[in-house]
Amino acid sequence: MTVLDTRPVQPGSSSAAALVRRIATARETGILIALLLVIVAATVANPSFLFSGDGFRDLLLTPSLLLLVAIGSAIVIITRNVDLSVGSIVGLTAYLTGRMFIDIPGIPLIGVFIGGVLLGGFLGLINGALVAFARVPALVITLGTLYIYRGINVAWAGGNRINASDLPKDFRALGTDRILGIPILTIIAAVVLIAAAWYLRNLRSGRELYAIGSDPAAAHLYGLRVTRRVIGAFVVSGALAGLAGVLYAARYGTVSSAAGFGWELQAIGAAVIGGVAISGGVGTVWGAAIGAFLLLTINRALPILGIDDFWQRAVVGALIIGSIVLDRVLAVRQHRRLIAQREVDR
Amino acid sequence: MTAATASSNGRVAPARVYKLHARPAWRRFLLTREAAIIALLILVIAIASVTVRNFDSPLTVTYLLRDVAPILLIALPMTLIIITEEIDLSVASIVGLSSVTTGILTNAGWPFVAAALTAIFVGVLCGVVNGFLVTVVGLPSLAVTIGTLALFRGIAVGLLGTTAITDFPEFWTDIAKANIPGTPIPVIMIPFAILAIIFAVLLHFTPFGRSLYAIGLNKEAAQFSGIDVGRTKFILFVLSGAVSGFAGVYFTLLYSNARGDNAMGMELQVIAAVLLGGVSIFGGRGALHGVIAGVLLIGTLGSALRLAGVTSDIINVITGVLLILSVVSASFLAWLQARRSAAVGKKKGRAGTSPDGS
């Protein structure tokens with residue numbers, strides 16, 4: 001540090017230039033550019049993709065639910081864990097939402113939201129407690145709860161499904177209405193995203209999540225409350241999946257027992273594409289959110305670009321692999337650069 | 001443990017106490033995870049054949065073994081992979097891709113054997129992709145195989161769309177559905193038995209197999225002791241791809257159906273069964289007989305409950321509970337043992353002298 005201080009002020013070290021450099025080199029920027037390219041390409045092929053009222057609404061609306069789940073997944077992955085049960089939690093809370101409207105006539109909307117988030121948080125608490133206290137890998141525990149939660153959902157729902165006619169009109173309106181042209185669902189997702197990003201960046205407990213993910217043993221020795229933080233991450237992930245479940249019911253109206261099936265891998269995929277390292281300690285929820293946006297926008301853009309939409313899953317897979325390879329290459333380059341820097345500094 | 005407590009009491013500790021040999025032989029063989037799973041399997045079979053009607057009929061056995069055969073097959077290489085502390089989530093997608101390949105090539109007029117061999121070769125290629133990304137590029141296998149899970153499945157779905165190919169040579173579909181003459185055991189169990197023996201010998205009786213445990217316990221130490229970690233893992237992923245490809249061909253023949261979404265979600269069933277069978281997700285622990293018992297346990301439970309009229313969703317719940325119990329019980333027992341030996345140690349310390357415990 002002292003060496004640096006004695007150097008003359010170099011051009012490009014002002015705070016504005018530093019900000020520009022940081023944005024230009026941020027991992028999220030690449031994904032954002034990819035997302036913009038996809039949107040531009042689809043819009044050129046068919047202008048109604050962006051410039052019609054419905055097109056613009058769908059562009060924002062479609063990724064909103066996955067975005068919520070992906071934020072939760074990113075937080076869990078940052079602590080070097082993984083939550084495979086989020087898809088099942090979405091399904092269970094979506095069904096609970098419908099049941100609440102059917103079984104408790106006249107229930108206020110806020111009650112339904114609280115109910116869904118509480119159930120999701122509770123299911124997340126089960127995951128977190130099992131992972132943290134039994135010291136068992138999260139992969140195994142959440143694989144188990146993936147089955148259990150889905151099984152409970154199917155047993156509860158049986159062949160029934162929630163239909164749009166079971167839900168009150170003002171609740172359904174939440175799924176489609178807009179404020180200033182922006183869908184309400186997207187606003188909710190954006191508020192959650194900003195809150196989560198601020199928490200992870202600025203609060204002590206948020207930074208501790210990164211420390212735990214980088215090296216759990218060192219974090220423990222340093223005196224961080226690893227158990228509590230890990231449980232907290234799982235509760236947040238579950239609660240966000242619960243919120244997504246409630247909104248799922250509002251958005252789609254019909255809820256069968258297969259709601260949210262396979263979302264866990266999509267959410268993890270979104271986080272990984274957005275630069276959240278599966279080995280923990282690296283990444284932001286911004287990246288995960290852009291990743292979720294990119295995943296679902298590609299799904300909608302492919303048919304417009306003339307690619308059979310059966311191929312969308314292959315594109316998603318190629319994207320995931322491409323982004324982790326990219327991360328690896330960047331990490332190796334930075335490693336080399338840091339070594340070179342050390343030689344220079346000596 | 002014994003050595004540590006003994007020496008802390010100031011007594012002369014034996015030069016080396018192998019943990020495994022600290023207990024009598026019958027304990028070492030019977031009080032293991034594998035033995036517990038096998039006992040549970042026998043218990044389930046015994047209870048089900050007494051209480052569930054038709055459970056002991058030959059038809060049940062046939063259908064049970066037919067349905068679990070793909071999981072049994074894939075569980076073999078998956079065990080080896082998890083023992084080296086890696087994971088392969090893409091196996092079910094490889095099954096789907098192999099199934100689609102078989103279907104398309106047969107439909108295009110290829111002789112079935114050539115189509116099947118090509119499908120297995122496609123499986124090998126998928127394994128090569130996984131292995132390359134994990135060992136050469138150096139990426140975590142969880143992330144890689146989540147990616148290839150989507151990629152391979154996407155290619156399978158992309159190739160066939162929503163169409164299904166259902167036209168296969170009768171000779172081969174009959175073989176896939178046939179039983180070994182005179183028994184209710186389906187023919188697929190013969191290649192499975194051969195593969196199981198090969199994998200068991202490979203894992204338990206060859207230097208290659210033993211090196212897998214070394215890698216799983218400590219990769220760096222294994223590397224320093226002369227094991228080519230990268231090559232070993234690469235071979236495992238290729239094996240996994242090949243066996244999954246074979247399972248895909250069998251799957252196609254069994255249901256006379258090649259679709260892009262065949263065997264969806266089977267990767268989680270396979271991993272659940274392997275972990276239930278006593279393989280540690282941290283690597284370095286596990287045995288094939290436990291895994292086979294684990295697969296059969298889940299299959300038998302499912303089949304018995306279905307015959308008893310329980311719906312399939314409860315079976316999912318039971319699978320999940322079993323999986324969690326199997327891992328939580330292991331760490332609970334370890335915690336209990338640690339507490340017990342700590343308590344014994346304390347008591348010894350207070351008493352000053354004590355006879356040799358445990």
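Modeller: Start with burial: a residue is buried if 20 or more other C-beta atoms lie within 10 Å of its own, exposed if 12 or fewer, and partly exposed in between, with C-beta atoms placed from the backbone. This is a predicted model, in which local features need pLDDT of at least 70 and side-chain atom pairs count only at pLDDT 80 or more, while totals for chains, interfaces and linings use all residues. Residues are numbered from 1 along each chain as its sequence is written, and chains are lettered from A and ligands numbered from 1 in the order in which they are written.

Biologist: Is Gly91(A) buried or exposed?

Modeller: Gly91(A) has 27 C-beta neighbours inside 10 Å and therefore counts as buried. Gly91(A) sits in helix α6 of chain A. Helices (H or I, at least four residues) and strands (E, at least two) are DSSP runs, numbered from the N terminus.

Biologist: Which residues is Gly91(A) in contact with, leaving aside neighbours within four places in sequence?

Modeller: Two residues are in contact if their C-beta atoms, placed from the backbone, lie within 7 Å. Leaving aside those sequence neighbours, the contacts of Gly91(A) are Arg150(A), Asn153(A), Gly245(A), Ser257(A), Ala259(A), Gly260(A) and Phe261(A). Phe261(A) is 170 residues from Gly91(A) along the chain, yet their C-alpha atoms are separated by 7.2 Å.

Biologist: Where does Gly158(A) lie?

Modeller: Gly158(A) is in the loop between α8 (138-157) and α9 (169-176) of chain A. With 10 other C-beta atoms within 10 Å, Gly158(A) is exposed. Between Gly158(A) and Ser256(A) there are 9.2 Å, C-alpha to C-alpha, and 98 residues in sequence.

Biologist: How do I read the length of a helix?

Modeller: Compare its reach with the expected span, which is 1.5 Å times one less than its number of residues. Helix α16 (residues 312-345) of chain A has 34 residues and reaches 48 Å from its first C-alpha to its last, close to the 50 Å expected. In chain B, helix α14 (residues 288-307) has 20 residues and reaches 28 Å, close to the 28 Å expected.

Biologist: What covers the buried residues of α16(A)?

Modeller: The cover includes α14 (263-273) and α15 (285-304) of chain A together with α6 (112-136) and α7 (141-160) of chain B. Among the buried residues of α16(A) are Val315(A), Leu319(A) and Asp327(A). As for α14(B), 16 of its 20 residues are buried. Just after α14(B), Gly309(B) takes a positive phi of about 90 degrees.

Biologist: At what angle do α11(A) and α13(A) pack?

Modeller: Axes are lines fitted to C-alpha atoms, for helices over the stretch in contact, and angles run from 0 to 180 degrees between N-to-C directions. Angles under 35 degrees count as roughly parallel, over 145 as roughly antiparallel, 65 to 115 as roughly perpendicular and the rest as oblique. Helix α11 (residues 204-214) and helix α13 (residues 226-252) of chain A pack at about 100 degrees, with their axes 10 Å apart, and are therefore roughly perpendicular to each other. Ser205(A), Glu208(A), Leu209(A) and Ile212(A) in α11(A) meet Val226(A), Arg229(A), Val230(A) and Ala233(A) in α13(A).

Biologist: How many residues of the two chains are in contact?

Modeller: In chain B, 39 residues are in contact with 39 residues of chain A. On the side of chain B that touches chain A, α7(B) gives the most, with 14 residues.

Biologist: How many helices and strands does chain B have?

Modeller: Chain B has 15 helices and zero strands. Of its 358 residues, 44% count as buried.
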